[in-house]
Amino acid sequence: MNKEPMKVTGSEAVILSLLEEGVEIIFGYPGGAIMPIYDALYDYDKKITHILTRHEQGAAHAAEGYAKITGKAGVCFATSGPGATNLITGIADAMIDSIPMVCITGQVASPLLGTDAFQESDVLGISMPVTKWNYQITTPEEIPDAIAQAFFIAQSGRPGPVLLDITKDAQFGELEFSYKKCKKIRSYVPETPVDPFKVKAAAELIDNAKKPMLLFGQGVIISKAEEELKAFIEKTGIPAAWTLLGLSALPTEHPLNVGMLGMHGNYGPNVKTNEADLIIAVGMRFDDRVTGKVSAYARDAKIVHLDIDHAEINKIIKADVAVLGDAKKSLKMLTDNCKKNEHKKWLSEFNKAYDTEFEKVIDKDLHPTKEGLTMGEVISKVSEATNHEAILVTDVGQHQMVAARYFKFKHSRSLVTSGGLGTMGYGLPASMGAQLAAPDRTVVAVIGDGGFQMTIQELGTIAQNKLPVKIVLLNNNFLGMVRQWQQLFFEKRYSFTELINPDFLMITKGFGINGQKVTSRENLDAAVKEMMDHDGPYLLEVVVEKEDNVFPMVPSGASVSHILLEP
Amino acid sequence: MKQEFNITVFSENHIGLLARITIVFTRRKINIESLTVSESAISGVYKFTIVIKTTEDQVKKVVSQIEKIVDVLKAFYHTNQELIYQEIALYKVPTDALYDSDQIENIVRNSGARILEITREFTVIEKTGHKEETQALFEQLNQFKVMQFIRSGRVALTRDPIERLSEFLKERDAFLNSMD
């Protein structure tokens, strides 16, 4: 899109460039070195929304939440020094979870670089290990092209966060502005065309497999390949299990959806991994939380690995056939090349495994007979109350695993959670981004009492912007997951995991947010209903059993075959 | 089994890229034995030659990760046997020692080294070769008390008749043009 050049300041060029990229929302926090950009933003408040968070980390997680729901890059602004360093946790989170994000940080004026100027920090250096790409802009003329490249890199191939550090003199300086979107970079090929020979080789393995199993990850969601995935498994009759980040790509009730993989995943998918004769991995990276002990993983299976990132092939698990490329295209080609098939007996084994798990774990979680409330029953109730159509946002810990296990999904792009980095404090700010990305959908943020207090200040952002997030606080007065490990692997030595908590209702009330606290089962239904009916943000605090554990569990370092159903 | 591998990286010339590449090693606690960076035969394309000691499995993964860096064009790895490579070493010895006997002269002759500069106080000798060779010369010269010694990083060529990069760049340009 080439328009007549016009003379503008670097700051205005930043805003104009963002508009060219279709940016609607910026999450940020102003400060000295980014003030010219904020000043330029002041004139564009009708065209672009800025959400002032209460901490830059909140801005980064909100941008992640926004990106997860929309598939577009989330955008954050922060000032130099502490502003920029506060973004880092969110950037690292986006990096490991492949979330497109464009961060723009102010920097001291270029003559001051390297002089330890006020609020100067080496943001380029600090962010390098956790960004897909970063760049420092020191002259106004560089701004449009750098922003165009930033969006191209963040959103193409395997997405990720990029950071642009703009010195204050580049913001103040002037340039002839014209914008051209970036479509290619010589040194960067985000996606290679799918090799039809690899597809044929994969199809042959698939057609001949007796006990095939498909594992899908977030790649399916990123490439918008949900329909292609469904078509593939329905044609071949192959049971499909998901990684945490793959959740919601396939409806929970789909007959071939056999559940979650990994440490707190379902019993069937874990043990069957070691009985399968073929694993088809789609857009997933064999994280250690999925594989357990690698040397004892999928021992009898050939591996077909579909991924867009060549560096993921053979990184953890050696692939017999690797199909590089976009999952939407490769799955479609694979479906065309495979014979129609079914695996009824094999699938029934997953159902049998589910029955075992139901009896030993699920029934107790969802229909407890003990007095204390379980996380499972709360999550199940909330999911039901939303007709399983909500966006689920979680924090990190026990509640996250329970939510992944028991929340049900009908639509893709309905889960926002911190997978790879396991960032406590992610949930509340991410829910803001999710809600802004989908203003018409119900957003439920399930958060533990530990993580809630890590970014609790974002209640201010939620209140100021009237974001109707439904916060379900599962309070066990413990850092539950750490406590669970202490109980199981550290002889119950509860070293610094017990929390003496504040009155959460009073705190949210202070922010102008309504809520209620539930301590017994008979009040749960009504409270959930009241939360759902409430117009605006709401805190439902549920006091749950203090020392409940999440099961099943593959102990750290154990084989997936040795998944425990009880302690 | 750990052995020496030569990683060759071709990249655009961007500030910070060296750090981005070394992070790949740092993160995996791999020590860089030697590193050379300079402009390649293709203008604007820079060539890194990095020597590390590791396993083949690890070097494959490292090269994959390096190739993933946005500003990197291509990365390869080779064993020492697959390459022709040299390092250069400079030795500064007291000039007096040269006059005292013809020993230094013989060492220089026999080792294929050459004298770069002679001043009243010192003489600078240059030798190219593999590390064992430049190290052996150091041991020999050190009996005359080497005043200063420096060895460069490695430069290396593949045994292929052509630079694989030019072929690669042609393919890459064709691929990018096909996207238009």
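Student: In what order do the 6 strands of the open sheet in chain A come?

Tutor: Please keep in mind that this is a predicted model. The order in chain A is β3-β2-β4-β5-β7-β6, and the pairing in this open sheet is parallel.

Student: Which are the edge strands there?

Tutor: They are β3 (49–52) and β6 (133–137) of chain A, each of which pairs on one side only. On average, neighbouring strands of this sheet are turned by 20° against each other, with direction ignored.

Student: How many bridges pair β4 with β5 in chain A?

Tutor: Strand β4 (residues 74–78) of chain A pairs with strand β5 (residues 101–107) of chain A over 5 bridges, in the parallel sense. Within that pairing, Phe77(A) has Ile104(A) in β5(A) as its bridge partner.

Student: Stepping back, what does the secondary structure of chain A come to?

Tutor: Chain A has 22 helices and 20 strands. Its radius of gyration is 24 Å, close to the 24 Å that the globule rule gives for 567 residues, so chain A is as compact as a globular protein of that length. Along the principal axes, the C-alpha atoms of chain A fill a box of roughly 70 × 60 × 40 Å.

Student: Now the helices: at what angle do the axes of α15 and α22 of chain A cross?

Tutor: The axes of α15 (residues 375–385) and α22 (residues 524–533) of chain A cross at roughly 45° and come within 10 Å. That angle makes α15(A) oblique to α22(A).

Student: Is that crossing left-handed or right-handed?

Tutor: The crossing of α15(A) and α22(A) is right-handed.

Student: Which residues meet there?

Tutor: From α15(A) come Glu377(A), Val378(A), Lys381(A), Val382(A) and Ala385(A), which meet Leu524(A), Asp525(A), Val528(A), Met531(A) and Met532(A) of α22(A). The residues of this contact divide into 7 nonpolar, no polar and 3 charged.

Student: Moving to chain B, what is the order of its 4 strands in the open sheet?

Tutor: The order in chain B is β2-β3-β1-β4, with antiparallel pairing. The edge strands are β2 (32–39) and β4 (72–79) of chain B. From one strand to the next, the twist averages 15°.

Student: And how many bridges join β1 to β3 in chain B?

Tutor: Strand β1 (residues 3–12) and strand β3 (residues 45–54) of chain B run antiparallel and are joined by 10 bridges. There, Phe5(B) has Ile52(B) in β3(B) as its bridge partner.

Student: Which strands does helix α1 of chain B lie across?

Tutor: Helix α1 (residues 17–27) of chain B lies across β1, β2, β3 and β4 of chain B, running at about 20° to β3(B). Helix α6 (residues 164–178) of chain B also packs on the sheet, where it touches β1, β3 and β4 of chain B.

How values were computed
Residues numbered from 1 in each chain as written. Chains lettered and ligands numbered in written order. Predicted model: local features only at pLDDT ≥ 70, side-chain atom pairs only at ≥ 80, totals over all residues. Heavy atoms only, no water. Axes fitted to C-alpha atoms, helices over the stretch in contact; angles between N-to-C directions. Helix = DSSP H or I, 4+ residues; strand = E, 2+ residues; numbered from the N terminus. Parallel < 35°, antiparallel > 145°, perpendicular 65-115°, else oblique. Left-handed = near helix turned anticlockwise from the far one by under 90°. Contact = heavy atoms within 4.5 Å. Nonpolar A, V, L, I, M, F, W, Y, C, P; charged D, E, K, R; others polar. Pairing = 2+ DSSP bridges. Rg over C-alpha atoms; globule rule 2.2 N^0.38 Å.
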